[in-house]
Amino acid sequence: MMNERRESDSPIIPRKPSNKGRVTARPAERVEERGLAKGNACEQSRLRTQGREGLNQALARIRQATRREPGAQLTALWHHVYSVDTLRDAFYGLNRKATAGVDGETWAMYETGLEANLRDLSDRLKRGAYRAPPVVRTYIPKGDGRQRPLGIPTLEDKIVQRAAVTVLNAVYEEMFLPFSYGFRPERSQHNALDALYMGLQARKINWVYDADIQGFFDAIDHEWLIKFIEHRIGDRRVIRHVKKWLKAGVLEDETWRQIDEGTPQGGSVSPLLANIYLHYALDLWVKQWRKKHVRGDMIIVRFADDFVVGFQHKQDAERFHEALQARVARFALTLHPTKTRLIEFGRFAARDRKRRRVGKPETFDFLGFTHICSQNHSGRFDIRRQTIAKRMRAKLHDIVRTLKSRQHWTIPAVGRWLGQVVRGHCQYFGVPGNYAMVKAFRQAVLRLWQLAIRRRSQRSRATWSRVYRLAKHWIPYAHITHPYPSARLRV
């Protein structure tokens, strides 16, 4: 035909791919037949961006499948975990200054030859040849004088755990209940504190049940945990690797020890496994129990193993306590005998206790704050949240020990460090109504700094005027960093 052209008449110009198609590694260079750009347009940053786009699309499909079939098992998840893009994104999400694990490999060491390392790791995960190494166990002091065990995984184990958590969160975030706040994406301690504040303000709450599960992370039953995961996850490769992490054991004083129960704290997967365990062992049961047995109002806010339940009637709270003890015992858990208690707390607690001549309402602690029945300037019921005094004293003792170990530092270096401490304290504890405690903490830090300067020399003249001049340069003033809960939740 006249309109037809032979291949030899003109060169074939390839068309550019559609924007709706899959993003390839080199779309412009492949179509235009030119080399890669030099300079700042490095391949590493470009691959990370494309990896995030592909991963986000995959996670969106997982979330849609979870919502579409709420009772079905998901059988194809592991290939998202061992994707090089997912592993790369997990690597760059790690703390670059974290302590090395049992192999001694650091973030900077692994970054040398990163692409080759990630491809090798991806291949081992794909073939099932990956072996979870033991975690190094250390201990950190707690506020009550005890020590909390902390596990330090290897760098590769952190990468794999973080990648697995990224994929599994797409499943379980569609399942977890709204009153669960601990270790979840886009949820923090202050979200839980605001929800508790508004629940106590808006609902008819007269009794508060402050509960704590004793040694929760060390008491998780492995068999129950695997059953809970298998209820929703049908990919045997995911189950197999979770079992590897549970059976990896800990290395303590250069001695390996197998762990038959509990999850080692310190890895990325441990908080997710804890939330899965409590979702089935506690959250779903609380939801059903509230519908069947509660006569009045009831609220609950949970952050990991620490949760607060509010009741309108004391009888409901007492029945809940008895039922809860039996429920957690079924899953090898126990309530803390001293931290679990029922107190009279609410808008009518002060009036009722005054009528019975039993003193002021008791207080309870939750997520670093002591909650107190109070009144605002208009005389209406309000909840005052202030820093737990015991926790503030413990923090000041830590500052004293650190200052003694850093006496050889220059004054500007110590000032910058103390400024970071005070700034972080204000960012967490700077809630409305807690200004006095935040100011007292800053003043105590200045006093400790003055004593540290005086110890540097017998002729040191560390007067308050000099300390205040130094603080003006390095230490931020006490200030409130959080809005009122009603304003934040309204937004």
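Biologist: Quick one to start: what is the relative accessible area of Arg 351?
Modeller: Arg 351 has 45%, so it counts as partly exposed. Here, buried means under 20% relative accessible area, exposed means over 50%, and partly exposed is in between (1.4 Å probe, protein chains only). Keep in mind that this is a predicted model, where local features need pLDDT of at least 70 and side-chain atom pairs count only at pLDDT 80 or more, while totals for chains, interfaces and linings use all residues. Residues are numbered from 1 along each chain as its sequence is written, and side-chain values use heavy atoms, leaving out hydrogens and water.

Biologist: Which residue forms a salt bridge with Arg 351?
Modeller: That's Asp 352, with the closest N and O atoms 3.2 Å apart. A salt bridge means a side-chain nitrogen of Lys or Arg within 4 Å of a carboxyl oxygen of Asp or Glu. Asp 352 counts as buried because its relative accessibility is 19%.

Biologist: Are Glu 344 and Arg 353 buried or exposed?
Modeller: Both are buried.

Biologist: What about Arg 127, which residue does it bridge to?
Modeller: Arg 127 bridges to Asp 123, and their closest N and O atoms are 2.7 Å apart. Both sit in helix H6 (residues 114-127), four residues apart, or about one turn of the helix. Helices (H or I, at least four residues) and strands (E, at least two) are DSSP runs, numbered from the N terminus. Arg 127 is exposed because its relative accessibility is 55%, while Asp 123, at 35%, is partly exposed.

Biologist: New topic. Why is strand S6 largely enclosed?
Modeller: Because six of the six residues of S6 (residues 298-303) are buried. Both faces are covered: one side has Met 298, Ile 300 and Arg 302, the other has Ile 299, Val 301 and Phe 303.

Biologist: Which strand is S6 joined to?
Modeller: S7 (residues 306-311), through six bridges, and the two run antiparallel. Strands pair if DSSP finds at least two bridges between them. Within that pair, Ile 300 stands opposite Val 309 of S7.

Biologist: What sits in the loop between S6 and S7?
Modeller: Ala 304 is found there. The hairpin has two residues between its strands. Ala 304 has a positive phi of about 60°, although it is not a glycine. At 9% relative accessibility, Ala 304 counts as buried.

Biologist: And what phi does Ala 332 have?
Modeller: A positive one of about 65°, and Ala 332 is not a glycine either. Ala 332 lies in the loop between helix H13 (314-330) and strand S8 (341-344). Its relative accessibility is 42%, so Ala 332 is partly exposed.

Biologist: Last topic, then. Where does Ala 98 lie?
Modeller: In the loop between helix H4 (84-92) and helix H5 (107-111). With a relative accessible area of 29%, Ala 98 is partly exposed. Ala 98 and Ile 152 are 54 residues apart along the chain, and their C-alpha atoms are separated by 9.1 Å.
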